[in-house]
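Visitor: I have a model open and want to learn how to read it. Where do we begin?

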Amino acid sequence: MNDHQHNTARVLIRLREQRPLILSLTNNVVQSITANMLLAVGGVPVMLTHSGEIRDLLNSCANGMLVNVGTLSEPQAQTMLTAVKDAHEAGIPWVLDPVAVGLLHYRTQVCRELLQTPPAMIRGNASEIIALAGAEGALCRGVESTAASAAAINAAKALAQRTGAAVLVTGETDYATDGTTTIACRNGAEIMTRVTGVGCAMGALAAACLACAQTPLQAAVATAAILGIAGERAAAACARPGTFAALLLDELATLSADDVAKSALLDEM
């Protein structure tokens with residue numbers, strides 16, 4: 001077992017012990033799978049839309065927050081911009097999921113405003129990370145990346161150095177970086193891309209891991225490995241999307257720290 005496998009197993013143990021409460025400001029399509037994925041892995045999901053209630057939760061019992069701009073509206077954007085400032089003041093780590101940034105102007109501008117209050121982690125596909133970093137080559141097809149995850153490594157490093165956040169680039173291979181250290185995670189299954197909301201729900205898992213990890217980089221690696229291993233196990237049982245979605249929750253619920261330590265395919269680059 002290498003250090004990254006050991007640290008990832010420890011994050012899962014702490015997550016199950018601590019049951020972090022995660023506030024998810026997320027899109028309308030994925031709220032159910034996001035809540036169910038958090039519950040399955042051991043977290044506690046909360047979805048709110050009122051700025052006052054969000055502030056109250058951040059100042060009382062929240063352990064982490066996800067900001068996902070998937071179905072962004074102007075009122076939601078203002079709520080998110082206020083929420084990240086409240087989270088910063090309360091010392092609550094938050095995750096940015098910049099869905100379709102680079103493809104659509106309004107959300108790109110909003111995400112750049114959000115970055116003025118730096119997140120602890122940014123999770124996105126290659127095209128989103130390249131666009132958010134301001135680099136060339138960011139092409140999306142809807143919410144899907146047209147670039148391989150490896151193509152975004154340099155952009156991810158630059159984004160991490162600029163913001164102080166860990167950056168998790170997702171794809172066939174996931175890459176986590178803090179701008180200095182970069183770790184590849186080769187777990188996962190192709191069918192995970194054929195179930196709506198798995199990627200977006202990954203952002204909520206990232207927020208839960210942040211609440212239980214020693215560093216944002218450890219949290220990013222743990223997020224990729226935990227979901228990737230659960231996806232592999234579910235795909236081995238059934239490679240049809242409808243059944244897979246249910247099995248993924250089952251595997252997240254039964255995944256052990258020992259499973260993670262033995263199965264995480266993690267390589268420092």
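Guide: With strand pairing. Two strands pair if DSSP finds at least two bridges between them. Helices (H or I, at least four residues) and strands (E, at least two) are DSSP runs, numbered from the N terminus. In this predicted model, local features need pLDDT of at least 70 and side-chain atom pairs count only at pLDDT 80 or more, while totals for chains, interfaces and linings use all residues. Residues are numbered from 1 along each chain as its sequence is written, and side-chain values use heavy atoms, with hydrogens and water left out.

Visitor: Which residue in β5 is the bridge partner of valine 95?

Guide: Methionine 121. The strands here are β4 (residues 94-97) and β5, which run parallel and are joined by 2 bridges.

Visitor: How many bridges pair β5 with strand β8?

Guide: There are 5, again in the parallel sense, and β8 spans residues 166-170. Within that pairing, arginine 123 has leucine 168 as its bridge partner in β8.

Visitor: What unit do β4, helix α5 and β5 make?

Guide: A crossover is right-handed if, with the strands pointing away from the viewer, the path from the first strand over the helix to the second runs clockwise. Here β4, α5 (residues 105-114) and β5 form a right-handed β-α-β unit.

Visitor: Why is β5 largely enclosed by the rest of the structure?

Guide: Start with the cut-offs. Buried means under 20% relative accessible area, exposed over 50%, partly exposed in between (1.4 Å probe, protein chains only). Strand β5 (residues 121-125) has 5 of its 5 residues buried, so the rest of the structure largely encloses it. In a regular strand the side chains alternate between the two faces of the sheet. Both faces of β5 are covered: Met121, Arg123 and Asn125 are buried on one side, Ile122 and Gly124 on the other.

Visitor: Which residues touch the most other members of the largest nonpolar core?

Guide: A nonpolar core is a set of buried Ala, Val, Leu, Ile, Met, Phe, Trp, Tyr and Cys residues joined through side-chain atoms within 4.5 Å. The largest has 102 residues, and Met65, Leu114 and Ile226 touch the most other members. Helix α9 (residues 216-237) gives the most to this core, with 13 residues. Contact means heavy atoms within 4.5 Å. Leucine 114 touches residues including Val67, Met80 and Trp94, not counting residues up to four places away in sequence.

Visitor: How many disulfides does the structure hold?

Guide: A disulfide is a pair of cysteine sulfur atoms within 2.5 Å. The structure holds 0. For cysteine 212, the nearest cysteine sulfur is that of cysteine 209, 7.1 Å away. Cysteine 212 counts as buried because its relative accessibility is 4%.
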